[in-house]
Amino acid sequence: MTFKPARLLLALIAIAASFAYSPSFAQNLAVVNGKAIPSSRADAIVKQVVAQGQGTDSPQLREAIKKDLISREVLMQQAIKEGYDKKPEVKAALENARQTIVINALARDYITKHPVTDADIKAEYDRYAKQTGDKEYHVRHILFATEDEAKAAIAKLKAGAKFEDLAKQSKDTGTANNGGDLDWASPSSFPPEFAAGFTNLQKGAITDTPVKTQVGYHVIKLDDVRPAKLPSLDQVKPQISEALTQQKLAAYQQEMVKKAKVQ
């Protein structure tokens, strides 16, 4: 039996198509010096790129990934040929990378089995709101090294000296040139002893006695008070979820370390 030219061409096209779509052919993205690059490797990279919002699945993206994987395989083969994979520092780096990949897989699986719930997030938000309080305070301070210096400054202020002028003497160089201004903040943003020094003050008042903290002695002035502007639960839900996830992983790690026999 013989093929006419037209029929021969159609037959060749059909044969080529059958190879192109056969499972064995589709498994490999390319073969470099006899070493196959699985198509699944490119698929994984595409999935990661799309998941991170860095691009969309397209022929152009896949072609770029293919070229990159081929280039990497060529360089990898050359590096192995020259013995770089046997170098101690390379082996150490590979082991560190292996540990990181395996540990990350363990962490993802653990969080899948022990997820942060909406109830957990709500409870953490409520705790934060309670700790922050319902008021914000606009305060100023002057920091001194000794209690006597702070007392002398309080006496000068009571005698009519301007707070902004005395603030230039402050050991807090970050606020000395702006009148000791600490801007608006909640009491929880400060050390407890510092916060206790201004939460009971009237607007415009200064502390009668120096407030001692780890960094020195403070003279504090309360400029104003306003209702606290807390973000809504929906606004901070992702951040709270991430923070609680990291807490879960840290607790799991500590638990495993305690159980381990370390010599």
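User: What share of the 263 residues of the protein counts as buried?

Analyst: In this predicted model, 25% of the 263 residues count as buried. The label applies to a residue whose relative accessible area is under 20%.

User: What makes the radius of gyration of the protein stand apart from that of a compact globule?

Analyst: For a compact globule of 263 residues the radius would be near 18 Å, but the protein has 33 Å. The C-alpha trace spans about 120 × 45 × 40 Å along its principal axes. The protein exposes about 18500 Å², of which carbon and sulfur atoms supply 57%.

User: How many helices and strands does the protein have, and in what order do the strands of the open sheet stand?

Analyst: There are ten helices and six strands. Four strands form an open sheet in the order β4-β3-β6-β5, and their pairing is antiparallel.

User: Why are β4 and β5 said to stand at the edges?

Analyst: β4 (181-185) and β5 (211-213) each have a single partner strand, so one side of each lacks a neighbour in the sheet. On average, neighbouring strands of this sheet are turned by 40° against each other, direction ignored.

User: Why is β3 described as mostly covered, and which helix lies across β3 and β6?

Analyst: Nine of the ten residues of β3 are buried. Helix α7 (residues 147-158) lies across β3 and β6, and runs at about 45° to β6.

User: Why is the pair of F190 and F198 called edge-to-face?

Analyst: Ring centres must lie within 6.5 Å for a pair, and planes over 60 degrees apart count as edge-to-face. The ring centres of F190 and F198 are 5.5 Å apart and the planes stand at 85°, so the pair is edge-to-face. The count of aromatic pairs comes to five. F190 and F198 also belong to one aromatic cluster with Y137 and F194.

User: How do you know whether F190 and F198 are buried or exposed?

Analyst: The limit for a buried residue is under 20% relative accessible area. F190 has 15%, and is therefore buried. F198 has 0%, and is therefore buried.

User: Why does N33 count as exposed, whereas D183 is called partly exposed?

Analyst: A residue is exposed over 50% relative accessible area and buried under 20%, with partly exposed in between. N33 has 69% relative accessibility, so N33 counts as exposed. D183 has 45%, so D183 is partly exposed. D183 is placed in strand β4 and has a positive phi of about 65° although it is not a glycine.

Note on methods:
Residues numbered from 1 in each chain as written. Predicted model: local features only at pLDDT ≥ 70, side-chain atom pairs only at ≥ 80, totals over all residues. Heavy atoms only, no water. Pairing = 2+ DSSP bridges. Helix = DSSP H or I, 4+ residues; strand = E, 2+ residues; numbered from the N terminus. Axes fitted to C-alpha atoms, helices over the stretch in contact; angles between N-to-C directions. Contact = heavy atoms within 4.5 Å. Rg over C-alpha atoms; globule rule 2.2 N^0.38 Å. Buried < 20%, exposed > 50% of the residue type's maximum accessible area, 1.4 Å probe, protein only. Areas by Shrake-Rupley, 256 points an atom, 1.4 Å probe, with all protein chains shown as cover. Phe/Tyr/Trp six-rings, centres within 6.5 Å; stacked < 30°, edge-to-face > 60°.
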